[in-house]
Amino acid sequence: MRLTSLRACLRGVGMTLGLMACTLILPVAHADSADFAITSARTYQVYSVYYLDAIADIPLDATLRNALTNGVSVVIAYDVRVVRSRGWWFDDTVATLTQRYRLRYHALSRRYLVDNLNTGISRSFSRLGEAQADIARLQRLPLLDQTLLGKGQRYEVDLKVRVDTGDYPLPLRVRAFLEGAWRPSSAWYRCPLT
């Protein structure tokens, strides 16, 4: 009985050491992955509604390209938040939204499909680069109505783009947690709400 307990204890220690080793390896794996970036963004107003245009750089490294051609969908999400700047305290978040695109490869037609998960509109492309370029251009995204903003206040828009790992099959979600190549993300990009 005691030998069984000792084995269970050693197995637990082994698992802990394995997780620690994975944690140490994580920064190396992330450094090898292609990170995303927001290269430009601007807001504008049409009547009482604010809209956002943005351009992103969303390179997919060999890991994600191989996953695509083997039937794994990759969901790319834009996280957007409108904040009221407060110089003496943390920014006040006024509104948040997420714009999501599913990128997938249809083996029979040999075409790349981009599904806008917010609107349900799908587009088809013959090349992966064309599909990536379509997702990388965020155009006329409605943010919020002017009536929701306080007069005389200064507002800004924060934006980032990332792979949404929540859409991966469960085994890949665990792998994405451990390996940065499965979850590239950009830094936050800020532009004024004008």
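How many bridges join strand β2 to β7? There are 6, and the two strands run antiparallel. The legends below go through that pairing and its surroundings in a predicted model, where local features need pLDDT of at least 70, side-chain atom pairs count only at pLDDT 80 or more, and totals for chains, interfaces and linings use all residues. Residues are numbered from 1 along each chain as its sequence is written, and side-chain values use heavy atoms, with hydrogens and water left out.

**View 1. An open sheet of 3 strands, in the order β1-β2-β7.** The pairing is antiparallel, and strands count as paired if DSSP finds at least two bridges between them. Strands here are DSSP runs of E with at least two residues, helices are runs of H or I with at least four, and both are numbered from the N terminus. At the edges sit β1 (37-46) and β7 (137-145), each pairing on one side only. From one strand to the next, the twist averages 25°; axes are lines fitted to C-alpha atoms (for helices, over the stretch in contact), with angles from 0 to 180 degrees between N-to-C directions.

**View 2. Strand β2 (residues 49-57) against β7, with a helix on the sheet.** Look for A54, whose bridge partner in β7 is L138. Helix α3 (residues 128-136) packs on the sheet and touches β2 and β7 (contact means heavy atoms within 4.5 Å); its direction makes about 25° with that of β7.

**View 3. The hairpin of β1 and β2.** These strands pair in the antiparallel sense over 9 bridges, and Q45 stands opposite Y50 in β2. The hairpin has 2 residues between its strands, and Y47 takes a positive phi near 55°.

View 4. R42 pairs up with D53, their closest N and O atoms being 3.4 Å apart. In total, the structure holds 15 salt bridges (a side-chain nitrogen of Lys or Arg within 4 Å of a carboxyl oxygen of Asp or Glu).
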